[in-house]
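Hi,

Here is the structure I promised to pass on to you.

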Amino acid sequence: MLEDFLNEYHTGPISILDESISLLNYTPLDLSSENKEVTKYEITTPEGCQQYIDTILKREGKKVAFGGYLEQRDIYNSFGRFDEGEQRNIHLGMDFWHKSGTGVIVPIKGKVHSFKNNNDMGNYGPTIILEHHVESISFYTLYGHLSLESLQGLEKGKVFQKGEVLATLGTPDINVNYAPHLHFQIIKDMQGNEGDYPGVCSQTELDFYKINCPNPNLLFKLKI
């Protein structure tokens, strides 16, 4: 079972960003609709979101803000793509908020399944999806909001070892209007998608996506 594998892959917390940044400098971030402090900022703009992130980092004396799995967020309210049909506002991945240009580290050996610049407003921007096969377990990891340079020289099947630098974080103009961060998501079944996969779902879709996209913190083991 994938969840068991992720839980047992290692015993302690691991990094996903530049390993020179100590895990002691990571702090949880709550961007949910329930967090009333968020309403003081223009969270739907990259500038307003960054202001809130900087406030939390300064308050905690840290460098990286993280979290977001299954958070219901108002941050998507300004993007029409999330209002087609039933509103989609439940976040299916884990975000790591840090400055653009920061390196993204591969947590588990994998090969490139697909990649794409999803450049419509509110999407991922440059995105890489890795495919993993460990013993009898197969799954995928998605890395969104990357730099354009991250896609250069990529090809399907290219292998990345654990600990290698996969990509770097993009700027708001490239990651399509978000403060710089990594969206990391674990996916059991890609459902035929290439270079993209839903990172936000509606309430009625939640039961399916909770199963198909398990909690990334099973792997990272960061204190939230």
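Predicted model: local features only at pLDDT ≥ 70, side-chain atom pairs only at ≥ 80, totals over all residues.

Let's start with alanine 65, which sits in strand E2 (residues 64–67). Its relative accessible area is 0%, so alanine 65 is buried. Beyond its neighbours within four places in sequence, alanine 65 is in contact with Thr27, Leu29, Ile53, Leu57, Asp95, Phe96 and Trp97. From its C-alpha atom to that of asparagine 35, 30 residues away along the chain, the separation is 15 Å.

Next, the cysteines. The count of disulfides is zero. Cysteine 201 is in none, and its nearest cysteine sulfur, that of cysteine 213, is 8.4 Å away. That is too far for a bond, because a disulfide needs the two sulfur atoms within 2.5 Å. Cysteine 201 is buried at 0% relative accessible area, and cysteine 213 is buried with a value of 0%.

On to the aromatics, where the count is 11 pairs. One of them joins tyrosine 26 and phenylalanine 96 edge-to-face, at 6.4 Å centre to centre with 70° between the planes. Tyrosine 26 belongs to strand E1 (residues 26–28) and phenylalanine 96 to strand E4 (residues 94–97), so this pair ties together parts 70 residues apart in sequence. Tyrosine 26 is buried at 6% relative accessibility, and phenylalanine 96 is buried at 0%. Tyr26 and Phe96 also belong to one aromatic cluster with Phe66, Tyr143, Phe184 and Phe220.

Best wishes

Notes: Residues numbered from 1 in each chain as written. Heavy atoms only, no water. Helix = DSSP H or I, 4+ residues; strand = E, 2+ residues; numbered from the N terminus. Buried < 20%, exposed > 50% of the residue type's maximum accessible area, 1.4 Å probe, protein only. Contact = heavy atoms within 4.5 Å. Phe/Tyr/Trp six-rings, centres within 6.5 Å; stacked < 30°, edge-to-face > 60°.
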